[in-house]
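Visitor: I would like to learn how to read a fold feature by feature. Can we take one model and go through it together?

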Amino acid sequence: MIDWNLFSDPAPLVNMASRSFARLGERRVKPFGFSIGQLPVVYLLRHGGAMSQRDLARLAKIEQPSMAQVLSRMERDGRVRRSPDPADGRSQLISLTEAALEKLPATRTALEQGKERALAGFSEDEVRMLVGLLRRLNENLDQMVAREVE
């Protein structure tokens, strides 16, 4: 029988860290009118560009129905706007509103402060190594998910 040790297996440790980052991040972005689930959209549109809902979902690795809910809430709260796609009359492009763009510097500062506290005691080399390892892990997971879809 295999013994499951919660604190020596990477999967539960990554999951715990992710949940903690999400909880703490939620507290940090809420004062600026965002939720942690909206950050992939904010990140992808942060330079004032526009994208289709399909592209946002694909790039953020969020299922279409979930992306639709996120965008509906953001539109309701005045964080995104929709405009007709000039290349496809049946589609719309999503962009951040001016009000959302104005809040990004303070939002980013709040998140950066949280990240610094979370990574306290890590050297720059350790942070780079952690990022590299997490990228490789996510690449492997993406490949596994893609194979399951086929």
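Predicted model: local features only at pLDDT ≥ 70, side-chain atom pairs only at ≥ 80, totals over all residues.

Visitor: How many bridges hold each pair?

Guide: β1 and β3 are joined by three bridges. In that pair, A50 stands opposite S95 of β3. β2 and β3 pair over six bridges, again in the antiparallel sense. There, D85 has D88 in β3 as its bridge partner.

Visitor: What joins β2 to β3?

Guide: A hairpin, through two residues.

Visitor: Next, helix α5. How do I check a helix for length?

Guide: Compare the expected span with the distance between its ends. α5 covers residues 98–118, which is 21 residues. At 1.5 Å a residue, α5 should span 30 Å, and its end C-alpha atoms are 31 Å apart, so the two agree.

Visitor: Where in α5 does a kink lie?

Guide: At L104, shortly before the proline P105. The kink is about 40 degrees.

Visitor: Which residues of α5 are buried?

Guide: A100, L104, T107, A110 and G114 are buried. An α-helix has 3.6 residues a turn, so residues three or four places apart point the same way.

Visitor: What do the buried residues of α5 pack against?

Guide: Three elements: α1 (10–29), α2 (39–45) and β3 (88–96).

Visitor: Let us turn to charges. How should I read a salt bridge?

Guide: Side chains of opposite charge can pair when their charged atoms come close. The cut-off here is a side-chain nitrogen of Lys or Arg within 4 Å of a carboxyl oxygen of Asp or Glu.

Visitor: How many salt bridges does a search of the whole structure find?

Guide: Eight. Take K115 and E112 as one case. Their side chains meet at 3.2 Å, N to O. Both residues lie in α5, three residues apart, about one turn of the helix. K115 is partly exposed at 37% relative accessibility. E112 is also partly exposed, with a relative accessible area of 27%.

Visitor: What does R76 pair with?

Guide: R76 forms a salt bridge with D77. The closest N and O atoms are 2.9 Å apart. R76 is exposed, at a relative accessible area of 61%. D77 is partly exposed, at 33%.

Visitor: Is R79 buried or exposed?

Guide: Buried. The cut-off for buried is under 20% relative accessible area, and R79 has 11% relative accessibility. R79 sits in the loop between α4 and β2.

Visitor: Which residues does R79 touch?

Guide: Leave out residues up to four places away in sequence. Among the contacts of R79 are F32, G33, F34 and M74. The contacts also include S95, L96, T97, A99, A100 and K103.

Visitor: How far is R79 from E98, in sequence and in space?

Guide: They are 19 residues apart in sequence. In space the distance is 8.1 Å, C-alpha to C-alpha.

Visitor: One backbone question to finish. Which residue has a positive phi although it is not a glycine?

Guide: K61, with a phi of about 60 degrees. K61 lies in the loop between α3 (53–60) and α4. K61 is exposed, with a relative accessible area of 57%.

Technical notes: Residues numbered from 1 in each chain as written. Heavy atoms only, no water. Helix = DSSP H or I, 4+ residues; strand = E, 2+ residues; numbered from the N terminus. Expected span 1.5 Å × (residues − 1). Bend = angle between axes of the 7 residues up to and from the residue. Buried < 20%, exposed > 50% of the residue type's maximum accessible area, 1.4 Å probe, protein only. Contact = heavy atoms within 4.5 Å. Pairing = 2+ DSSP bridges.
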